[in-house]
Amino acid sequence: MSGNTITQSVTWSLARAARELDLRRGEFDLAVHLGYVRTASDEGGGGRRVTHAEIDRVRSQEGYPDTLRERVKAVGTTEGAALMGISTARFTRLARLGLVVPVKVYLNRYRAVVWLYLAEDLLRFPADKQNAPLLRGRTPEGLRDQLEAGLDLRPRNWRGRYMGFLLRQAEGPWARAAVVASLLDPVQVEEVIRDPYERACLNRFRPDRPSHGAPDSPAARIVSRIMTADDPDEISWLRADLGQAVAEARETQPAPRPTSRPEPGVVPQPAGSSPAHSSPVPSCSRPAPSAPAALAPAASMPRVAGPGVTGPAVSPTAASRPETAGVEDLPAAAERGRPRGLLGWLRRGNT
């Protein structure tokens with residue numbers, strides 16, 4: 001390769017882009033979800049990619065890369081409680097009440113659910129003076145009753161935030177509807193969307209769920225339970241949102257349906273041809289095949305009378321036609337007028 005020739009790809013893969021931005025893969029994925037790094041769809045169907053121009057844009061920002069790392073910093077319960085200056089027990093109560101929203105979730109090696117929170121969100125919470133009563137003293141009575149009843153809004157709040165991440169990357173109305181459907185149980189989707197072709201279109205654009213082990217493993221079942229809406233209010237809201245999203249997608253671009261194929265042996269009629277000259281075949285049944293002539297001699301050959309048979313024998317073909325016999329029936333008529341057998345031979349001998 002010559003020295004003055006530089007060959008570069010137009011875009012980079014996500015792994016390559018993370019290295020170029022000096023970010024760990026988890027930090028990079030969070031930056032993409034939060035909109036700090038913009039991605040583009042691969043025309044070849046290879047997933048999301050990042051352009052060189054986007055890498056240059058992120059690098060040119062003030063304070064890069066420290067500022068970007070601070071924005072995507074995610075912490076657990078212990079570090080989050082330290083940032084807010086409260087105990088881990090109080091932090092967990094605030095998270096269960098939905099006052100702090102997780103941004104990420106994963107399972108540790110003991111299959112325990114670990115919630116992560118944005119450090120920026122946690123630092124803003126104590127800065128708000130309205131939240132001061134929640135950081136000191138006893139938890140208000142109404143909130144305490146909800147906690148005693150088992151309230152835990154962490155999964156629901158995470159699903160709502162995760163859906164926002166996916167909607168930001170969705171391209172097209174069917175892709176946006178598929179994001180909503182991905183958080184519902186398949187039974188719920190089938191009840192809302194009755195058309196099987198529209199459900200197939202949703203499955204085509206359905207985003208991939210985070211994988212944790214084999215599909216039927218205990219870890220995979222835990223993740224599936226977290227990612228599926230289970231609260232009645234949340235299910236009702238998602239069902240309504242799914243119906244509206246599919247209605248908009250249906251108006252923009254109806255779901256593809258299979259085209260009808262012509263029956264074997266039927267030549268499709270060209271556009272503009274008159275239906276009077278065509279012989280249509282019912283679409284629900286095929287025409288019965290005709291029997292070969294060699295297998296049905298009785299239908300094509302006349303049957304003549306013999307000894308012991310009264311009355312003239314009539315061909316089935318001639319019996320089915322009330323009109324006068326044609327030229328092809330004259331030999332058969334002549335044969336019927338000529339006597340057969342021994343009596344006929346004697347008569348011919350006397351003439």
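The largest cavity has a volume of about 40 Å³. Before I go further, please keep in mind that this is a predicted model. With the cut-off set at 30 Å³ or more, the count comes to 1 cavity.

What lines the largest cavity? The lining consists of Arg 90, Arg 93, Leu 94, Leu 97, Leu 134 and Thr 139. By class, that lining divides into 3 nonpolar, 1 polar and 2 charged residues. Which helix gives the most to the lining? That is α6, residues 88-96, with 3 residues.

Now to the helix pair. Two packed helices are described by the angle between their axes and by the distance between the axes. The pair here is α10, residues 154-169, and α11, residues 173-181. They pack at an angle of about 165°, and their axes are 9 Å apart. An angle over 145 degrees counts as roughly antiparallel, so α10 and α11 are roughly antiparallel to each other. As for handedness, α10 passes α11 in a right-handed crossing.

Which residues meet in this pair? From α10 there are Met 163, Leu 166 and Leu 167. On the α11 side, they meet Arg 176, Val 179 and Val 180. Sorted by class, this contact has 5 nonpolar residues, no polar ones and 1 charged.

To recap: the largest cavity, about 40 Å³ in volume, takes 3 lining residues from α6, and α10 packs against α11 at about 165°. That is what I have.

Note on methods: Residues are numbered from 1 along each chain as its sequence is written. This is a predicted model: local features need pLDDT of at least 70, side-chain atom pairs count only at pLDDT 80 or more; totals for chains, interfaces and linings use all residues. Side-chain values use heavy atoms; hydrogens and water are left out. Axes are lines fitted to C-alpha atoms, for helices over the stretch in contact, and angles run from 0 to 180 degrees between N-to-C directions. Helices (H or I, at least four residues) and strands (E, at least two) are DSSP runs, numbered from the N terminus. Angles under 35 degrees count as roughly parallel, over 145 as roughly antiparallel, 65 to 115 as roughly perpendicular and the rest as oblique. A crossing is left-handed if the near helix is turned anticlockwise from the far one by less than a right angle, and right-handed if clockwise. Contact means heavy atoms within 4.5 Å. Ala, Val, Leu, Ile, Met, Phe, Trp, Tyr, Cys and Pro count as nonpolar, Asp, Glu, Lys and Arg as charged, and the others, Gly among them, as polar. On a 1 Å grid over the protein atoms alone, a cavity is a set of points where a 1.4 Å probe fits but cannot get out, and a pocket is an open set with protein on both sides within 12 Å along at least five of seven lines; lining residues have an atom within 4 Å of a point. Grid points are joined across faces, edges and corners, and a volume is the space filled by probe spheres set on the points.
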